Amino acid sequence: MATDIRICIPGERIAKAAECKASGGTYISNGYICASLAGAVKKYTDENGDKLVQVKSKFEDSVIPSINSLVRARVTKVTPRFCKCVILTVNEVPLREPFHGLIWRQDVRAKEKDKVEMYKCFKSGDIILAKVISLGDALSYLLTTAENELGVVVATSEAGSTMIPISWCEMQCPQTFVKEHRKVARVQSQYLNRT
């Protein structure tokens with residue numbers, strides 16, 4: 001039951017955060033709910049009586065990462081200060097076009113942030129689970145793996161085999177038994193694909 005519909009563009013302020021809650025296609029900035037995509041603004045009341053505002057694009061099946069979205073990404077480049085990646089899915093929904101993500105060194109772990117060595121956490125080609133912590137800039141979203149459930153979920157060894165996690169910081173090749181350092185995710189059953 002929509003009560004008000006209008007068109008907006010990304011970044012446009014659409015409501016005060018004190019008046020209603022942000023829903024899909026929106027984010028909160030400086031006390032305002034802003035649009036994260038172009039589309040129609042819909043204000044409505046849910047079954048609990050909460051006033052919500054969302055933005056729906058004409059492309060219903062397109063998904064855009066928002067703050068706290070769980071993303072699956074492929075690592076493309078690792079440097080001593082950050083890791084670049086390509087976001088493949090948002091909240092388990094595959095993307096038509098990938099987005100770019102960036103994980104800063106201080107966002108890899110929750111503790112001992114100053115001791116993080118990026119080359120011991122990620123390698124190019126790894127598939128990771130991460131959360132969006134900021135919309136970043138025009139080039140990439142800022143991501144974090146600073147939770148036990150976040151980190152590397154799939155890694156390939158130099159021999160070409162899929163590695164097996166043996167601890168929170170190591171994976172092992174089942175073919176050569178070589179161990180490699182990674183920031184391993186403790187994957188919960190709801191994130192495993194059942195085939």
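Author: Start with pairing: two strands pair if DSSP finds at least two bridges between them. Keep in mind that the model is predicted.

Reader: What makes β9 and β10 a pair, and what lies between the strands of their hairpin?
Author: The cut-off is at least two bridges. Strands β9 and β10 (residues 93-104) have 8 bridges and run antiparallel, so by the definition they pair. Val-90 stands opposite Val-93 in β10. The hairpin has 2 residues between the strands, and Asn-91 takes a positive phi near 50°.

Reader: How do you know that β8 and β9 pair?
Author: Apply the cut-off of at least two bridges again. Strand β8 (residues 70-78) and β9 share 7 bridges in the antiparallel sense.

Reader: Why is β9 called largely enclosed?
Author: Buried means under 20% relative accessible area. In β9 (residues 82-90), 7 of the 9 residues are buried, so the rest of the structure largely encloses this strand.

Reader: What makes β2 and β4 edge strands?
Author: The open sheet has 3 strands in the order β2-β5-β4, paired antiparallel. β2 (13-16) and β4 (26-29) each have a single partner strand, so one side of each lacks a neighbour in the sheet. From one strand to the next, the twist averages 35°.

Terms used:
Residues numbered from 1 in each chain as written. Predicted model: local features only at pLDDT ≥ 70, side-chain atom pairs only at ≥ 80, totals over all residues. Heavy atoms only, no water. Buried < 20%, exposed > 50% of the residue type's maximum accessible area, 1.4 Å probe, protein only. Helix = DSSP H or I, 4+ residues; strand = E, 2+ residues; numbered from the N terminus. Axes fitted to C-alpha atoms, helices over the stretch in contact; angles between N-to-C directions.
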